[in-house]
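Q: Got a model here I'd like to go through. Can we start with the aromatic rings and then do helix packing?

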Amino acid sequence: MIKLLAYPLSIIYFICFGLTLLIFHPIQWVCLNLFGYEAHKKSVDALQFFLMRCLNILGARYTFANPYDIPTDQPLIIVANHQSMSDIPSLIWFFRKHHVKFISKKELGKGIPSVSYNLRHGGSALIDRKKPREAIVTIKKFADYIENTNRAAVIFPEGTRSRDGVPKKFQTKGLETLIKHIPNALIVPVSINNSWKTLIYGKFPMGLGAHIKFKVHQPLKASEHKTNVLLETIEKTIKHHIEI
């Protein structure tokens, strides 16, 4: 019965989702080209808010647990597990005062209204996974940008999303590069739960009633830990709070 209901609701969701992307694409262009970065950022934040509201059509709800007063005057590296594309709008929205940027695969830099435009022009890094040496150079430049602007870099060390909530082994080369080149960064581990349930049936229909939870853990100063110990601590902390 629930899956039957998911079909019409998914159609409504995709229509609203697509319209949101189409509407905000020219809005972003106008904001960036006529008013500059700050206006563009506000348009991107608004986009994330409405994308999250689209998911509410499917009965999804969000809980964001962040008991920490994270400063905005130093660079952040937000490290999280990855369960669905729904993770991204939520992280941008909940951490919006930190100016969230992503390391993303280059394929996402074209063809997707609003999303591709923001990735190309909003400060994120696009990497070619088939060219790891070039990817490292791009990540180094991205790290310099994050350090110089005191903004937040988000990285998903699993490399790809978990389809059943079970976390994959962390691939830490990219994270290690960020830590090395942003030595004064504050590392913010985040555990994400249940967003995979929006894709429990695959791409269509969408899953209903997911309670998507974000738990922010104790921030860690990169400069106060050996890198290998820090990487191990981050992975253990995130995975320990994933609900299987």
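A: Buried means under 20% relative accessible area, exposed over 50%, partly exposed in between (1.4 Å probe, protein chains only). This is a predicted model: local features need pLDDT of at least 70, side-chain atom pairs count only at pLDDT 80 or more, and totals for chains, interfaces and linings use all residues. Residues are numbered from 1 along each chain as its sequence is written, and side-chain values use heavy atoms, with hydrogens and water left out.

Q: Which ring does Phe49 pair with, and in what geometry?
A: Phe49 pairs with Phe50, edge-to-face, at 5.3 Å centre to centre and 85° between the planes. Rings of Phe, Tyr and Trp (its six-membered ring) pair if their centres lie within 6.5 Å; planes under 30 degrees apart count as stacked, over 60 as edge-to-face and the rest as tilted.

Q: And Phe24, buried or exposed?
A: Phe24 is buried, at 10% relative accessibility.

Q: How many aromatic pairs are there?
A: The structure holds 12. In one of them, Phe24 and Phe50 have ring centres 5.9 Å apart and planes at 40°, so that pair is tilted.

Q: Switching to helices. What angle do α5 and α6 pack at?
A: About 40°, with the axes of α5 (residues 132-149) and α6 (residues 173-181) 9 Å apart. Axes are lines fitted to C-alpha atoms, for helices over the stretch in contact, and angles run from 0 to 180 degrees between N-to-C directions. Helices (H or I, at least four residues) are DSSP runs, numbered from the N terminus.

Terms used: Helix = DSSP H or I, 4+ residues; strand = E, 2+ residues; numbered from the N terminus.
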